[in-house]
Structures are given as structure tokens and as C-alpha cells.
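Let's take a walk through a protein model together. Have the sequence and the 3D view ready, and stop at each residue as we come to it.

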Amino acid sequence: MEQNKLYNKSLWSPPLAEIPTWVDSRLSKFFARIRYLFYRRRATPNLLPYQEATLRELQNDANLLFPDTDKGLGPCAVTYDQYVADALVHLTDPTIFTRLSREEAWNAADTIDQDIRQWLSSHKRVLNKDAIRFIENHLHENQKSPFGQFYMLYKIHKPPTPRGYPTRPVCSDVSSLPRGLGKWVDIQLQPVARTQPSYFQDSYCLKQLLSNIEIPPYALLFTADAKSMYTNIRTGPALKHISNLLRNKEGRTFHHYDAPALIEALEIVFKNNILQFGDTYWKQISGTGMGIAPTPPWAAIYIAIHENSVLSCWTSQVLFYRRFIDDIIGIWVCDKDPERNNALWTQFTCEMQQWHGLEWEFSPLSQSCNYMDLTLTLSIGTIHSTLFEKSQNLYLIYPHTPHIQGGLSRVSSLEIFYGYTAFVNPPRNKKTHPPPPPPPTNRGHHRATLTPLFHKATIKKIGIHAMYTYFTCVPHYLHSGTDLELYLST
């Protein structure tokens with residue numbers, strides 16, 4: 001695993017004298033022939049004239065920036081002054097960041113370089129050649145610009161405040177000196193994070209987990225979202241608790257890491273997050289920077305240490321509990337006495353908050369909830385799921401070609417498989433509760449026009465018989481070929 005991920009691109013090329021002459025001739029003929037297959041075509045634009053004019057006006061406005069939005073909702077337009085003001089809200093928080101002069105920042109970079117090289121020297125006995133070469137290569141490549149880069153994602157799915165939309169700070173470490181060491185740390189922490197009881201890979205895996213649960217009659221769903229999770233993970237307590245876990249698990253549960261080397265690397269990576277924003281330099285003195293390579297498993301392990309302790313005392317009430325980074329989904333078994341149930345729920349949510357300032361915002365207990373890209377609903381001992389899309393997603397799905405019809409011809413078998421298995425429940429009465437219509441229908445395209453295109457795309461991609469074979473890997477969802485035909489026809 002480590003050798004594949006810590007890969008250094010080879011700069012070797014064969015000597016020209018050793019390349020056979022026929023190679024150039026054959027390559028020349030090959031490129032000449034395929035050049036006729038690729039040529040410019042005049043296509044009808046899929047934008048209306050006023051849309052083209054609006055985009056041209058935005059593009060020509062020198063005062064606008066186009067940052068990305070949170071949750072993958074696409075780009076947005078922000079004035080330069082607004083973007084800087086929003087960034088300074090985070091950077092000028094004295095509890096999280098401190099400003100450095102240019103000289104102080106470069107001196108700190110020299111110290112980081114020396115610390116990493118000293119770490120390599122001290123722990124070379126437990127490092128393989130690929131890891132050493134990978135870390136040294138990143139140190140060399142990032143010497144000219146040794147700092148991380150600060151930017152923001154706009155949370156347009158959240159209600160705007162008087163100051164504007166809230167933002168998520170990101171500390172990209174791609175150009176920083178600790179980048180190579182951070183990637184090595186990430187590889188060491190990932191197996192530890194994946195073994196935590198609350199871990200699941202994606203919404204499809206969540207659906208599989210939920211389908212195996214028998215829901216009691218008094219159960220309700222709940223979700224929780226961490227408030228500024230990365231910022232509120234304090235570096236000191238996190239290092240202490242994660243280090244203790246790594247020492248205790250080394251040689252028992254896990255055998256792939258050396259605890260002293262990994263713990264020292266954690267300190268270097270998370271205590272030396274120096275960022276550049278424009279012509280200013282900042283050092284993060286508390287919290288965890290989103291965008292640092294090992295941040296996801298670091299946060300997952302840190303939170304799991306607390307939640308494992310809390311959940312062990314609530315096995316009677318918490319029937320199901322999973323967390324995807326900072327989003328919790330759970331099933332709560334209610335007490336028959338409403339007053340006692342409310343008291344127990346309040347106590348549980350309070351205990352979850354007691355972890356070095358990390359705050360969780362819990363939803364009310366309910367029969368249905370939206371979680372990730374699913375809408376989950378409890379129904380007579382089972383959980384039904386349908387596709388959930390944020391309203392902003394309606395404006396950000398573009399066809400692969402200027403025409404929606406041409407775009408649909410490229411629908412992949414994996415997309416159809418995922419849509420069927422993750423969002424359509426077998427027990428459902430498909431005549432009275434058909435699957436949700438595909439997004440193009442929300443944009444004015446008619447079902448009668450789209451249905452034959454999906455048929456054509458499916459058959460062209462892998463063939464209808466291959467599609468039947470493909471779906472048999474989850475026979476629970478596909479009872480017969482008729483189910484697939486019905487799914488395609490709706």
C-alpha cells in the first residue's frame with residue numbers, strides 16, 4: 001500500500017541512440033492517421049443569448065473572483081474586497097492564527113525543513129526507501145514556495161448572515177514543506193481510522209448497513225453536525241489522546257506503524273501549519289487545518305476516542321450510530337415515558353458535547369431525515385431511502401455535449417447501478433411510488449424524450465444482458481429482469 005501511494009515520478013528517459021529507428025516512423029504514421037478522427041465541429045450552443053451575455057459580463061468584470069462553494073455546489077461570484085474581508089474574519093482570530101512577518105515565516109520554514117530532515121535521520125530504520133525518497137522529493141520541490149495556501153469555500157447551502165454567507169476556511173498544504181511527511185502520516189492513520197466503529201465509506205455502504213437492521217416500533221432517527229469541527233479540534237488535546245491510542249494499539253491491534261516515529265511526525269505536521277494569503281503570512285496556533293493531508297483520519301480518530309466512550313453507556317437507547325467526518329446519523333430507541341425519554345435524550349446530547357470544546361448541533365428526533373445524499377424514512381420495521389439533492393444542485397448538472405440528448409448517451413453502467421441500488425427499495429410499490437425522476441426533468445426535459453435515450457445509453461454501454469449480470473452482484477435489490485425493465489422505463 002505504502003509503495004503505491006508514496007510514488008515519485010521517474011525522470012529517466014532512454015538514450016536516443018538506443019531507440020530503434022522504426023519507432024519514430026510508426027509513431028508518425030499513427031498520429032497522422034488518428035489526426036483525421038479529431039477535428040473541430042461547429043455545435044449549437046446549449047445556452048440562451050441572455051445566458052451567454054451574463055456569463056460574458058461576469059468573465060469581463062475585473063473586480064470579481066470565482067471561488068468554489070462548499071458541498072460541491074459549484075462556483076460562485078464574489079467581489080475582491082468581500083473575499084478578503086471574509087478571509088480576515090478567520091485569519092485575525094487570535095485564538096486560531098497569529099500573523100508572521102515575511103522574515104519570520106521564512107525562518108520558520110527553514111526550521112521545519114531541518115526538523116523533517118532530522119526526523120528522517122532518526123527514524124530511517126523504520127522507513128522504506130520509497131517513503132524516504134518521497135518525503136525528500138517534496139522538501140526539494142517546495143523550497144521555492146514552502147508555505148501552505150489559505151482559501152475559502154462559501155457555504156451557500158446555509159442561511160446568509162448580515163455579513164454574508166458563512167465560509168469554510170481551507171489550508172491547502174500542497175506547496176508546503178510538510179506535505180510529503182503529511183502524506184506518509186495519512187497512510188499510517190487511515191487503517192486506524194477505518195477500524196473505528198462509527199466508520200463507513202459512503203452512502204451506498206450506509207444503505208447496506210441500514211438494510212440489515214430490524215427497527216423497533218419506538219425508534220426515531222437523528223442527525224448531528226459538528227460546528228466548525230476542524231477549527232475546534234485543539235492541537236494539544238488531540239495530540240495527547242491520539243498518541244496514547246497509537247502507543248496502546250501498537251503491536252496489538254496494528255502492526256504497520258512505529259509509534260515513536262508516527263507521533264513525532266504528527267507533532268511536526270500539525271504544529272507547523274504556516275500559511276500564505278496574498279502577501280501576508282500566518283501560523284495556525286490552535287485547531288486543525290482543513291486541507292492538510294492527514295486531517296480526515298486525524299479528526300476521525302480523535303472524535304472516535306470520545307464517542308466510543310460515550311456510546312458504551314447508551315447501548316439501550318442508541319440502536320445505530322455512524323459518522324461521516326463531521327456528520328452523524330443515528331437511530332434512537334425511545335422510552336415509553338415521554339418525559340423520561342426527553343431527559344435521556346438531553347443527557348445523551350450533553351455528554352456528546354463534553355470533548356475539549358467540540359460542539360455538535362443535533363436535529364430533533366423524527367421519522368425522517370436528510371443525510372448526505374439520502375432521505376431516510378422509518379416505516380414498519382424498515383428504513384426506506386430516496387435520493388436527496390440540495391436545491392442548488394439543480395443548476396450545476398451540465399450535459400457532456402451541447403445537447404442533453406448527446407450527453408445522455410454517455411450515461412455509465414455504474415451510474416445506473418448506483419442509482420438503482422442506493423435509492424430504490426425492493427419492497428416499494430413501484431406503481432404508486434416510482435423512483436425520483438432524473439435531474440433533467442427538473443430542467444424542462446420531458447420523460448417521454450428521456451426514456452428512449454436512457455435505454456439507448458444502457459444498451460450501447462454494456463448491453464442489456466451484461467446489465468442483468470452486473471446487477472446480480474446484489475440480488476437483494478434485483479429480483480428479476482422485470483425489475484430492471486421497470487426501473488429503466490420509469
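A residue is called buried when its relative accessible area is under 20%, exposed when that area is over 50%, and partly exposed in between, using a 1.4 Å probe and protein chains only. By this rule D113 is buried, at 12% relative accessibility. This is a predicted model, so local features need pLDDT of at least 70 and side-chain atom pairs count only at pLDDT 80 or more, while totals for chains, interfaces and linings use all residues. Residues are numbered from 1 along each chain as its sequence is written, and side-chain values use heavy atoms, with hydrogens and water left out.

Now let's look at the partner of D113. Side chains of opposite charge can pair when their charged atoms come close. For a salt bridge, a side-chain nitrogen of Lys or Arg must lie within 4 Å of a carboxyl oxygen of Asp or Glu. D113 makes such a bridge with R117, and their closest N and O atoms are 2.9 Å apart. Both residues sit in helix α5 (residues 102-122), four residues apart, which is about one turn of the helix. R117 is partly exposed, with 38% relative accessibility. Helices here are DSSP runs of H or I with at least four residues, strands are runs of E with at least two, and both are numbered from the N terminus.

How many salt bridges does the structure hold? There are eight. Another of them joins D327 to K71, with 4.0 Å between the closest N and O atoms. D327 belongs to strand β10 (residues 327-333) and K71 to the loop between β1 (64-65) and β2 (78-79), so this pair ties together parts that are 256 residues apart in sequence. D327 is buried at 19%, whereas K71 is partly exposed at 40%.

D335 and R340 form a salt bridge too, their closest N and O atoms being 2.8 Å apart. D335 is partly exposed at 24%, and R340 is partly exposed at 43%.

Two more stops remain on our walk. H138 lies in helix α6 (residues 129-141) and is buried, with 14% relative accessibility. Which residues does H138 contact, leaving aside its neighbours within four places in sequence? They are R179 and G180, where contact means heavy atoms within 4.5 Å. Finally, find T349 in helix α13 (residues 338-353). T349 is buried at 13%, and a polar atom of its side chain lies 2.9 Å from the backbone oxygen of T346.

Key. A polar contact is a pair of N or O atoms within 3.5 Å; within protein, one must be able to donate a hydrogen and the other to accept it, and residues adjacent in sequence count only if both atoms are side-chain atoms.
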